[in-house]
Number of protein chains: 2
Amino acid sequence: MSEIPPSHPRFHSLMMRERLVEGLHAGLCTETGLIAHGRGEALDYLLGERTHPFAVHAIEAASAAITLANHPMLSVNGNVASLAAAEMAELAKEFPRIGIEVNLFHGSSERSRKIADRLRSFGAPTVLEAAGPDSMVLATIQHNRKYMHPDGIGKADVVLVALEDGDRCQALVESGRRVIAIDLNPLSRTAKLAHFSIVDELTRCVPRLHVQLRADRTLPSEVLKQRLHGYDNCRILSQAEQVLRQGNVASK
Amino acid sequence: MSEIPPSHPRFHSLMMRERLVEGLHAGLCTETGLIAHGRGEALDYLLGERTHPFAVHAIEAASAAITLANHPMLSVNGNVASLAAAEMAELAKEFPRIGIEVNLFHGSSERSRKIADRLRSFGAPTVLEAAGPDSMVLATIQHNRKYMHPDGIGKADVVLVALEDGDRCQALVESGRRVIAIDLNPLSRTAKLAHFSIVDELTRCVPRLHVQLRADRTLPSEVLKQRLHGYDNCRILSQAEQVLRQGNVASK
């Protein structure tokens, strides 16, 4: 696999596959995380493996929400760490007010620590772990996903979740937080429940969000508020669904 | 995962996921096989996780082709062995004229042997391994996939491949063999190149094929030839594509 030439039309997708297999071997993600990634691959294929205008609009709104937030947080799980540890860390390095918290579906403290170490190795300044002696909990869900670090998502007003399951997204929304979701399925519960749903592949959209955050940092807050006011997540999801249904179910 | 109740609406899909993870741990399939399975899961989701009439028609034609064949073979790889070793072995046990051959994309003799042992443990009477000292080769492809056992696919006139890559399917077709493909993507190269494309989930369609073979065993060959004459794989694929595009991109 590592001999795939960069000129290969599906080079990026194949590299992501390799990152994930390495993540499994490094103890960052799980076997079921690999299967979940395959589902995402199929959806991205239908989207033509490119960032569509509906994703750009969601990224712009997400950037405004993060810029206006008092305490924005990025939630990172095993697949996100395997695929985009560098991209997430770069973002947190340039914007130290945006924290990172590790939250796992199939949790273990060892895996959580490995993910935190990986993020730190790419320069992330602050990485918290959700499950710990001082954890707060989201009341409406079970399992390890309910935990929040009191200095992280516990006090966050805006949370970005990526490749997240519907239960946790719902609990975060019900807790009154604003939720940004990165999810390739526009009809997933996660995408439908979140306030800002970025229907795009993770490593394509995080650098775009990074650039947008840089541009938005110096904008008057009134401009950002106006952008949020004009944003309609239902419309974004319906555009994404339309593209998905018309998309190229192409050869493998 | 093994605590999923049978009443769960996605019980079958979750059980298949578990079989595949066990297959990885048992050395039958690979990490990239897990990702490929996830792609299939997404497509099956779009198909509503059920066997459609277009798949039933393809199964009927495939059964006629196998029944009329001089030397029909089932080609088994790591994902097929992980998901459907029992179903494949049951079929070969009742129809000893249908042979099984192990052929791997990411091949190793150890993995090939493990897969053969697994099939034999479910009662498959004859299991050949493609790669060996006496192997024949398909001229137009590279890698381990080019190998054929001289007493198996080497002399086969009809070959059933499941979850197969496009290159090998193409080479088998170009070699003059009749190819039956089980593939959830109706626009994959494999599905487009095969003579009979069963767009359905593996463990749903193999038992159906088994029942159909039993029914066809006593039919006059003229009836089976007529069934083949009336079969149009392009039409089947276009019906499958239509369902896929209208299908339920449902919540996860």
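Q: How many bridges join β6(B) to β7(B), and in which sense do the strands run?
A: In this predicted model, five bridges join β6(B) to β7(B), and the two strands run parallel. Pairing requires at least two bridges, so β6(B) and β7(B) count as paired. Within this pair, B:Val159 stands opposite B:Val179 of β7(B).

Q: What makes the β-α-β crossover from β6(B) to β7(B) right-handed?
A: The chain passes from β6(B) through helix α6 (residues 166-174) of chain B to β7(B). With the strands pointing away from the viewer, a clockwise path over the helix is called right-handed, and this crossover is right-handed.

Q: Why is strand β7 of chain B called mostly covered?
A: A residue is buried when its relative accessible area is under 20%. Four of the five residues of β7 (178-182) in chain B are buried, so the strand is described as mostly covered.

Q: How do you know that β7(B) and β8(B) pair?
A: Three bridges link them in the parallel sense, and the criterion is at least two, so they pair. B:Ile182 stands opposite B:Ile198 in β8(B).

Q: Why do β3 and β8 of chain B stand at the edges?
A: The open sheet of six strands has the order β3-β2-β1-β6-β7-β8 in chain B, with parallel pairing. β3 (127-129) and β8 (196-198) each have a single partner strand, so one side of each lacks a neighbour in the sheet. The twist averages 25° from one strand to the next.

Technical notes:
Residues are numbered from 1 along each chain as its sequence is written. Chains are lettered from A and ligands numbered from 1 in the order in which they are written. This is a predicted model: local features need pLDDT of at least 70, side-chain atom pairs count only at pLDDT 80 or more; totals for chains, interfaces and linings use all residues. Side-chain values use heavy atoms; hydrogens and water are left out. Axes are lines fitted to C-alpha atoms, for helices over the stretch in contact, and angles run from 0 to 180 degrees between N-to-C directions. Buried means under 20% relative accessible area, exposed over 50%, partly exposed in between (1.4 Å probe, protein chains only).
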